[in-house]
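Please look through the sequence and the model shown here before reading on.

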Amino acid sequence: MGNKIIELKGVTKNFGEQQVLKGIDLNIYENEFLTLLGPSGCGKTTTLRIIAGFDEPSQGQVLFNGIEISKLPPYKREVNTVFQKYALFPFLNVYDNVAFGLNIKKVDKSIIAQKVSKVLKLVGLEGFEKRDVTLLSGGQQQRVAIARALVNEPKVLLLDEPLGALDAKLRKEMQIELKKIQKEVGITFIFVTHDQEEALSMSDTVVVMNEGIIQQIGTPVDIYNEPENRFVADFIGESNIIEAVMLRDCLVQFDGFQFECVDKGFKDEEEVEVVLRPEDIDIVKPENAKITGVVKSLVFKGVHHEIVVQTKYRDYLIHTTDYFEVGLAVGLSFGPEDIHVMYKMDY
Amino acid sequence: MKYFRNLVKPYIIWSFLMIVVPLLLIVLYSVTTGGNSLVNIQFTLDNFGKIAEPIYLAVFIRSFKIGLITVLICFFMGYPLAYMIARFSEKVQSVLILVVTIPMWINMLLRTYAWISLLSDNGIINSFLVSLGFEPVTMMYTDFAVAVGLVCDFLPFMVIPIHTSLSKIDKSLIEAAYDLGANRVQTFFRVVFKLSLPGVINGVIMTFLLAISSFVIPKLLGGGQYMLIGNLIENQFISVGDWNFGSAISLLLAVVILFLIHLMKKMDPDETEEG
Amino acid sequence: MKKSRIFSYIYIGICFAFFYLPILVTMVFSFNSSKSLTKFTGFSLKWYGELLADGEIMKAVYVSVSVAIIATIVSTILGTVTAIGLSKNRKVVKEWILNINNIPIMNPEIVTAIGLMILFSSLKITKGYVTMLLAHIIFCTPYVITSVYPKVRSLDPNLANAAMDLGATPFQALTKVIIPMIKEGIYAGVLLSFTMSFDDFVISYFVTGNGVQNISIIVYNMTKRINPTINALSTIVILVLVITILIVNLVPMMIKKTKEKQRNEKAC
């Protein structure tokens, strides 16, 4: 990874009585595609607004290339934002929207023309210069918003749930497009979303947030495979979360059985939680498994079946391409590497 | 957002000085005696007691009477007008409503002045009557002239809210009523009229309070002796010079009217939704 | 169905006649060659000549126009700035200001008028042009706020942020983004305050003095001696007003039409 470009140190934010950020520490690097992921109200947008300069942190520091900027107004920062509902200026056409920032900076007209046409080409809107922005489709407005921000050549681009207003198909297209643009311009993207799939498919780094606290920072693979706590496991994909006891390194006990696993570093006899991803569980004959139960329901989901197996202690959710009849007695099998042990959360 | 928040500060000071303070002064004057100077004031409720004196009470009764007459005429003239306008296509409706609105923008003095030349003893209407062989009729300086002036001025305030209510009615409700066997008259009274009630209430209260607080029209068309609440207030301030009594009447008028407006807002579902 | 339509036309016609007949009579008789207000004796521009020659009336016209222009400018600026600030304030502050702002709109004019009259006399301000102007600014500003504020409220709050994000200072964000976006509200406020100020009688009547009169006051004082120059004055004032209102109402309709046309062309 490159150099640190933005550092948040102990950032908190209060709105009246309510504390929406409870001490955020985060390093953001050059060239990184970083996603702030979490449910609504988790503080991800506030974090973004503090980086953009629309809100001031109540406590803590924001460093940009090592320099404190938390008191710097937004118009003096080298970051630009793509807003949730795009916030395009409806009284300006596509060209003038994109040229807005350069016009403010009184850049030479011919340079503006060059830069605008270059950036419109980048986002695939060549020939749209004279169009009325209010008459564009959602996807096109989105592209104008990105072009309007990128034309200023920011060091960091902030994107606040930019794909939220698009339909599912367009969303997928834009995800790929955004990733491509980020590679092409080679700057840091900080992306805010509540959609875990979007976060996993686009990011270099995912920051999972909840209730104003960072829950986990890691690569998409880390976050998915090694969730650090129940919240992350639950929020990222579907999962079976089971209360368990860590007997010693590499040995965990739940549902009345002991299982080998690959996790170390917990205290002996520590109460933990175990994540089993639905696609990691195999359905086998009852005699070949420790945990046994009955197929309670089966729903066809296209690529796979979603099966619920009722066992003595709990219902397990399983994704499999095979078909099992409801009522069939089955066993559940999984390997040591499928068991993810997490610290237990305090509730 | 911290930006722009301070832009309201000048107006806070301004509105306090120019809106709140004058109201407080009216309240102060209404509960004191001591003439127009604030030097030797004494608190008293006599100013309000004076309102109950027969000559002044008569003014209040007459104001309410003329207010009610205006409301009734405006309603029976305005409802059909609003209803008929609402049945045209949207484009025609907006033009017709514009035609109704334009008089509201024209100087009231000039419009009232125009009525004088029509209604006066040797005015246009009378000379028309004479030319047809009728006796001329005295219209100026009567209740009739005042009512005509008030209705002409305030009718738009009845028509526009009713039209707004009517045009908002979902056409399928009327079709549903027909479908359920209601005839045109039943549909009108049981569905349309009920749905237009917010507009009716709005219009009734607006015209009523405009009528009882008016003082130009009664003065010009009713003559110098014709007293409504507004004229009484003017008299106290301009000719009699009893500012304390004048303030008491004004305060009472303001309270009644603000109460009526409050009532109207409570009854209008669109208004309460806001904010 | 046909029959009721005809009845509608007749009824609407009668109502409109009731609204407009007095005005039309005034206009017609402003061109009368004699002083009679009942018999039209021939076309003449005599009363317009007398109007221009009447120093007192021309002075009143000057007062009305100049007060309306200054009051409109001041109250539009004050009202717009306040409306923009309002949306950024806490709910309590907002509601208080809006409630106070509503007082002059809802209160009977005569109550506002005497309140100001008492205020000016308590402050020992000599009644005249200045007091009239101040009073007009006071009652026009609330109308500007009520016409601009809904526009401000409907704005995406991120628009100003977007401008600043792109390097605009708060002042530039205001002039280059917010004001262009609420300009319809501002135009409505301008029109409303100009006509309210220009038409005002009640408040001006109570707060003026020292012989300063606007058009309304001079008409009020002249009703006792019927004078066809007033008809000429009326005609001019009404024509100017009606033309302004027609333009104000028709231009947006035409803009909307061309925009729709563009949209349709694009859709094809």
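## Domains of chain A

Domain bounds are those given by an automatic or database domain assignment. Chain A is divided in this way into domain 1 (4–225) and domain 2 (238–343), and the centres of these two domains of chain A, taken over C-alpha atoms, are separated by 39 Å.

## How to read the values

This is a predicted model, in which local features need pLDDT of at least 70 and side-chain atom pairs count only at pLDDT 80 or more, while totals for chains, interfaces and linings use all residues. Residues are numbered from 1 along each chain as its sequence is written, chains are lettered from A and ligands numbered from 1 in the order in which they are written, and side-chain values use heavy atoms, with hydrogens and water left out.

## Chain B

The C-alpha trace of chain B spans about 75 × 75 × 35 Å along its principal axes. Of the 275 residues in chain B, 51% are buried, a word that here stands for under 20% relative accessible area (1.4 Å probe, protein chains only).

## Where chain C meets chain B

In chain C, 90 residues are in contact (heavy atoms within 4.5 Å) with 81 residues of chain B. The area buried between the two chains, which is the accessible area (1.4 Å probe) lost on putting them together, summed over both, is about 7700 Å², and carbon and sulfur atoms give 79% of this area. On the side of chain C, the residues that lose the most area to chain B are C:Phe18, C:Phe19 and C:Ile118, together 9% of what that side buries.

How values were computed:
Buried means under 20% relative accessible area, exposed over 50%, partly exposed in between (1.4 Å probe, protein chains only).
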